[in-house]
Amino acid sequence: MVNKNELENINRISGTDVKKCMKCGKCSGRCPAFTEMDIKPHQFVSYLAQGKLDKLLNSKAIWNCLSCMACVERCPRGVAPANVIEAVRDTVARMQGKDGISANDIPPIVEELLPQQLLVSAFRKYKK
Amino acid sequence: MQEKLESLMQELALKKIASGEVDRVLAWKKGESYFDVSPAIFKESFDGFTYNAFCGANLSKFLVEETKKEGKVLVFLKPCDTYSFNQLLSEHRINREKVYVVGIECQGKLDINKVYAKGIDGILDIEETDSELKIKTIYGDKTVKKDEVFSVKCETCKSKKLVVFDEKIVLNEMKDNKEKRFDIVEKLESMTEEERFAFWQAELSKCIRCNACRNVCPACTCTNCVFDNNKSGIAGKANADSFEEKLYHIIRAFHVAGRCTDCGECSRVCPQGIPLHLINRKIIKDMNTNYGEYQAGETVTPLNPIVDFKKDDVEANTVVGGKK
Amino acid sequence: MQRIGVFICHCGTNIAATVDVERVTEAVKKEPYVVFAQNYQYMCSENGQQLIKTAIRENKLTGVVVCSCSPRMHEATFRKTAEEAGLNPYLVEIANIREQCSWIHKDIEEATEKAIVLARTAIAKLTLNKPLIAGETGVTKRALIIGGGIAGIQAALDIADAGYEVDIVEKRPTIGGRMAQLDKTFPTLDCAACILTPKMVDCAQNEKINMFTYSEIEEVKGFVGNFKVKIRKKARYVDEKKCTGCGVCMANCPSKKGLNEFNMDLNNRPAIYIPFAQAIPNVAVIDPEQCLKLKTGKCGLCQMKCGAGAIDYTQKDEIVEREYGAIVVATGFRPIKLDNFNEYGYADNKDVITSLELERLMNAAGPTKGTLLRPSDLTHPKVITFIQCVGSRDVSGCGKPYCSKICCMYTAKHAMLIREKYPDTEVHVFYIDVRTPGKNYDEFYRRAVEQYNVDYIKGMVGKVYNENGKLMVQGSNLLDNEQITIPSDLVVLATAIEPDPSVRDIATKLTISIDTNNFLTEAHAKLKPVECATAGVFLAGVCQGPKDVPETVSQASAAASKVIGLLAKDKLKGNPCVSHCDENTCIGCSQCEQVCPYGAITYEEKEFRIGGGKTEKRRVACVNPAVCQGCGACTVTCPSGAMDIHGFSFEQINKEIEAICKR
Amino acid sequence: MLKIDISSLPLLYEKIASLYPLVLPIKKANEVNYDKYSNGAEVSLFTLKTNKSPKDMFFPQTEDLMKFKVDGQKIEIIDTRKEAQPFVVMGVKACDYKAFEVLDRVFLVDPIDTYYKTKREAGIIITLACDRPEESCFCKAFNIDASSPLGDITTWKVGDKLFWKANTQKGKDLTEKIKDLFTEGDEKTVEKAKQEITETISKLPFSNIDVNALSKDEMLDTFKSDKWSKLSEACLGCGTCTFVCPTCQCFDIREFNANDKIMRFRCWDSCMYKDFTKTAGGQPRPTQMQRFRQRFMHKLVYYPENNDGLYSCVGCGRCVKKCPSHLNIVKVIKAFGGEKK
Amino acid sequence: MQEIEKKEHKPLIVAFCCNWCSYAGADLAGSSRLSYPANVKIIRVPCSCRVNPIFILKAFQRGADGVILCGCHPGDCHYSTGNFHTRRRMGILFSLLNYFGIEKERTRIEWVSAAEGQKFSLVMNDFAKTICSLGENRRLEDLRCKKN
């Protein structure tokens, strides 16, 4: 079942127009976390465009994405796959109830080999 | 001070005429009283030659006709008049070769109506000092501070720069007051549409369509104005309806847009005291804000914001006249 | 007294279904000056037109209003009808009661009322129409072609073939353009030089064709049929007439550091050079930036060695003024700069090259004499990866939003040629879509895949990086949902193409419009694809939009046929709806000159009577009716109201407003 | 002789306005002009010089003469003249009142201008003696007594009182209707005030001019005098002087095509305009000097020639105050030797 | 006493359309049967730069309640620069009208290409709606042009 509200929400939060995607795959071509992701960046865009909400919400990849924004940087069509992932992540987090995701739930879903999102975003923030 | 300036000017004028360099002199002439000053041509006699705080008239427009005549004319131009002069040159309205421009000092001109407004009437004579007017009236003597009776255009003087001259006579430093130039425009802009409408309705309803503003304007040099031209469909000699006075002033302002140097003559001459300069100044402000700073008459150029454009100009709908 | 006839068209039921045509007919009969009104099934039909003609003759009509479809549709038709009945064609006005009335309103009452207002407005305007006669101007029987690539060459040959003189102005020292740089052409794999050079030679030998190479357009004045163009012949420092193209100078030039533009800067050339062996004209040129004699005054070797005595260091730019009847713009293209695409490592790795560079590397006249060697170490590359759509279809602002159209085909061509010549080479192509519309094009691409085993990967490359001398090409393989990395020896970027930057300047000089991507705009996307909005100017080749060689040649021939059609006329009829100046009102303020996009306005000192037997000299504006296109910009800028425009005059529009607002 | 406290004038205005439309000097957007009284209007009765003169009340700047209705190809003519409704003009100064006489001699002689006549007959004029004349005033030169103007009713401001005296039957009828607002006033107080005014007037700078200066010589000599070109050289050709003038009476007749009718109206014209009386043959007076000369010759020579010596200038001084170039009739008179020593 | 007409006010809108883009856009709206209110009346001009401010004021004087100018998109002008001039002139004029207290929404300029029939219809519907909500033009009316 397509839940219109959630889909609209993801679209809105992402602030990107997934219909602009021309399916070139450059986002996935560049993604450093590609192998760890069960759904690849280009699939996030594609699923959202097709309204496959379940696939998005059940994705583990939302916790693997580094938010390095390489896909956003490279996209020739001005689509922002990372923003879509972020939007899905937010939506999932909000669906966990008002407390959001519990601390106990985090370790099993975090891939230890990868740097954590916060760290990467700090790199990005302080790179200048 | 004022006498010294006046005598230097007269000396120069006489010298230039004597040497044959110029044929005549365009300056101001004193009439029945100190503030009764008219533009005049001097050739043989310099009787009544004057330059005082009431010489507000902009002489540049007279040159349109003067330079059609034989011989060279010496003209005295105040800083703001030099802008008009340049603008007229840009429009090929003046033959530059026939003019000898003497730029002169101006410390701001006064408005006799503001003296009247102070309840001073029956004026017999005025004595001018650097900061005051000593006024002799049939009802007794009065003193007025000059800075209380500056004419509207001088209250917010845009520039004291002489942008064009062959020679200049400046004894003292001159100060402009351009920071305040758009104050009243901004005040109007901050009103609501309704208040602005009421303001202009009241002001413009006084208009008697005497055409003084048009005929004095150095940007209005058309020989056959659209308002006199029956073919234009807007010719009219009177405000038969309140629409017509708006039409007249909007179109007139639009026709001088980009060419108006903001000399303020329109407001000076209006017999009904309509602040007409506020219309032109609004256009100048809009053009400065939206299309880049521009001062008509600063240089001789055929380009001005109204005939120029940029490909990324702001959209017309977004240029705003003021608050909603 | 005017006598106006009004004709109301039913347009079958297109109009009559929603507009009560009878009521409109009755209503317009009451309008002033209307002496005749009639409605009919199809006004534009033979019978309908006959009806109008008869009415004009029988009722001695002085003007006609046709209430029908849009004037864009049948204004010309009805004007012709009127003319045939002896009425000036400009005494016809159309009231658009179909597109702007019957088709958009459903309510009969509403639509009928509006139709009456529209008819009334047209009648009101018509009362002020004046008979207009189109002016005639002569035609200079010579064409100018800007750009000497295949488009310019083809157009020149076609026009010359029809017997008209043609000048080609080319900014480079030789004609030939981009096509001369190509190795082979798709889909037939002909050698580009083999099919181009004969045409270049034809140009040189055709006595109707005059070439200005190493020249640029300085100024364009005038109008269709009568352009006056100033051409700057840049100083070559070599006398074109004396030089034999023997090449001795090149061999002796001590300055050899100049980059060889013809070989995409992949190797060097001397300061005095002939761009390539088949150059036309086969004449040397000195690069003043590199020449020691010109820079320091010391050298002069070439002058000493030149047997023909052709070298002249004192040569100056020369301005030639020529007149033309028509102009073809064929300024061509260049590959875009790749500064915005760091991810492909073009700037950092010598072995990441553009496709046009590959053409030169594969060409027998190229820097490697036709052997495919990679630029860094001149070894044979074993793994070659092509990346398509580099900078094309990119709306992120880094590249170009359009498809460059030729890349899919030339990449297939390259892949195929490499696999053919070096079968041990592994060739990969990253693609987003493969676009091959065109005769034998898809077959060509399939051959690359099926016959030559080229590995086409659906997906885009995210990054190219150097690891131990290998170029690692990382991208996605979307069909397998994989991220792959291909260690390659050479990476070829199918770089987007853009109009040659000189086109902006040319567009300004010719006052033709240019789109956001710097492509020149044709007059109509479908029906006038080679014409410009500016009459007498035509477009050919990539300056108008991406195209391959066959398309360019077709467009060039199309442009040529348009030029021939124009030059074949002895007189041109102008548009009489142009500006004019009331000299009694004009004050010569020069405002109108500033806004005229065509330079149609000049100023003259004229003598006028001012009464009392006296005259006065005044500066007034003069409009050249042949140059004026009738936009009306001057009419609004003119503060005195001296400027007005025929057909859309101040009074006419005012009258229309009055009629529309009448309730 | 009646009197009323100046502080009670608002009551008087209200009372009159309840009977008839009342017109008097009103300040609007900082300028004082004759305008219709309405509740809340800022009355400025004692303003010496309104910008425009009260001639508007009888000879308005624009006035519809008739209308045409066009229906298809038919034309219908509509008479726009209306029955006269009595109205009151208050605060008219002596000079302006004298100007009505000048206008009467134009509009009320054959052929009589019915538009003017209707309003003239309906108007009840309340004049006001000047109490504080200005330097631009020179009514004395035309033998006008600013201290005791005529009119249906004359009023004087003395101290904090307004004295009131009805002169005509129309004036007496109006006074009768509003009598209860007044108390009895003292003639002597007024007489004394009149004397003071007369004295002040004699001190004014222009009181000594001699308006006969232009008519002394042969008319043609005056016309041909070379003084005119010097006098007019700064003239802008605007219509300020004519539009503020209480005696200028030139008008143009024009038509306006409104949506459903055509209006034929007249409006003030100015002899200073270069399109004044322009015909197909051009301008009768092509230069500004000729137009300038025409205005003063008309006021000081031609008009008196045709009207028993009555000048068509009343010395109100509005043109003296308002001319953008400070050109005026006084300078013209003086240039022709009209300065009494 | 005059009888007050109780008829609902139907606003009148004058649209100036350039011949090459917007008039063609209006035609396209027509051939696509995209409706817009009948009180929008179009005047064809060669280019939006032909529209003199006097025309706009004249339309208001005659009883128009809104005036809209349509031209080619900037950069696409048939005469290459016409609409650039229009944009400046109208920017200044519209602002000035608003400065005089005339409602900003009564004047508008829109770029409609020959291909934008849909946009033409949308723009006209929207403009008509705006003018309807503003009501009758009172601030730039000429009483002589009203019915009496």
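**Entry 1. Domains of chain B**

I began with the domain assignment of chain B, which lists domain 1 (1-109 + 160-179), domain 2 (112-149) and domain 3 (182-324). I noted that domain 1 is written as two segments, 1-109 and 160-179. I then looked up the separation of two of these domains: the C-alpha centres of domain 2 of chain B and domain 3 of chain B are 32 Å apart. I record here that the model is a predicted one.

**Entry 2. Which chains touch**

I turned to pairs of chains. Chain A and chain D do not touch, and 52 Å separates their nearest C-alpha atoms. Chain A and chain E do not touch either; for this pair the nearest C-alpha atoms are 21 Å apart.

Chain C does have contacts with chain A: 19 residues of chain C meet 17 residues of chain A. On the chain C side, strand E24 (461-467) and strand E25 (470-477) each contribute at least two residues. I sorted this side of chain C by class and found 6 nonpolar, 9 polar and 4 charged residues.

I next examined chain C with chain E, where the contact takes 35 residues from chain C and 38 residues from chain E. Helix H4 (98-102), helix H5 (108-126), helix H17 (633-637) and helix H18 (650-661) of chain C each supply at least two residues of the side that touches chain E. Which helix gives the largest share of that side? I found that H18(C) does, with 7 residues. By class, the side of chain C that touches chain E holds 16 nonpolar, 11 polar and 8 charged residues.

**Entry 3. A sheet in chain C**

I looked up an open sheet of 4 strands in chain C, with the order E2-E1-E3-E4 and parallel pairing. Strand E2 (34-40) and strand E4 (92-96) of chain C each have a single partner strand, so one side of each has no neighbour in the sheet. From one strand to the next, the twist averages 15°.

I then followed one pairing within the sheet. Strand E1 (residues 4-9) and strand E3 (residues 63-68) of chain C are joined in the parallel sense over 5 bridges. Gly5(C) has Val64(C) in E3(C) as its bridge partner. Helix H1 (residues 21-29) of chain C packs on the sheet and touches E1, E2 and E3 of chain C, and its direction makes about 170° with that of E2(C). Helix H2 (residues 46-59) of chain C also packs on the sheet, touching E1, E2 and E3 of chain C, at about 165° to the direction of E2(C).

**Entry 4. Helix H6 of chain C**

I checked the length of helix H6 (residues 150-161) of chain C. Its 12 residues should span 16 Å at 1.5 Å a residue, and the end C-alpha atoms are 16 Å apart, which agrees.

Is H6(C) mostly covered or mostly uncovered? I found it mostly covered, with 10 of its 12 residues buried. Among the buried residues of H6(C) are Ile150(C), Ile153(C), Asp158(C) and Ile159(C). The elements that cover them include strand E6 (142-146), strand E7 (165-169), helix H7 (192-205) and helix H15 (549-567) of chain C. Just after H6(C), I noted Gly163(C), which takes a positive phi of about 100°.

**Entry 5. Strand E9 of chain D**

I moved to chain D and its strand E9 (residues 153-158). Since 5 of its 6 residues are buried, E9(D) is largely enclosed by the rest of the structure.

I looked up the partners of E9(D). Strand E8 (residues 123-128) of chain D runs parallel to E9(D), with 3 bridges joining them. With strand E10 (residues 161-166) of chain D, E9(D) pairs in the antiparallel sense over 6 bridges. In the hairpin of E9(D) and E10(D), which has 2 residues between the strands, Gly159(D) takes a positive phi near 60°.

**Entry 6. Helix H2 of chain D**

I ended with helix H2 (residues 94-107) of chain D. This helix of 14 residues reaches 20 Å from its first C-alpha to its last, close to the 20 Å expected at 1.5 Å a residue. In H2(D), 10 of the 14 residues are buried, including Cys95(D), Tyr97(D), Phe100(D) and Phe107(D). The buried residues of H2(D) pack against strand E7 (87-92), helix H3 (114-122) and E8 of chain D.

Key. Residues numbered from 1 in each chain as written. Chains lettered and ligands numbered in written order. Predicted model: local features only at pLDDT ≥ 70, side-chain atom pairs only at ≥ 80, totals over all residues. Domains from an automatic or database assignment. Contact = placed C-beta atoms within 7 Å. Nonpolar A, V, L, I, M, F, W, Y, C, P; charged D, E, K, R; others polar. Expected span 1.5 Å × (residues − 1). Buried ≥ 20, exposed ≤ 12 C-beta atoms within 10 Å, placed from the backbone. Pairing = 2+ DSSP bridges. Axes fitted to C-alpha atoms, helices over the stretch in contact; angles between N-to-C directions.
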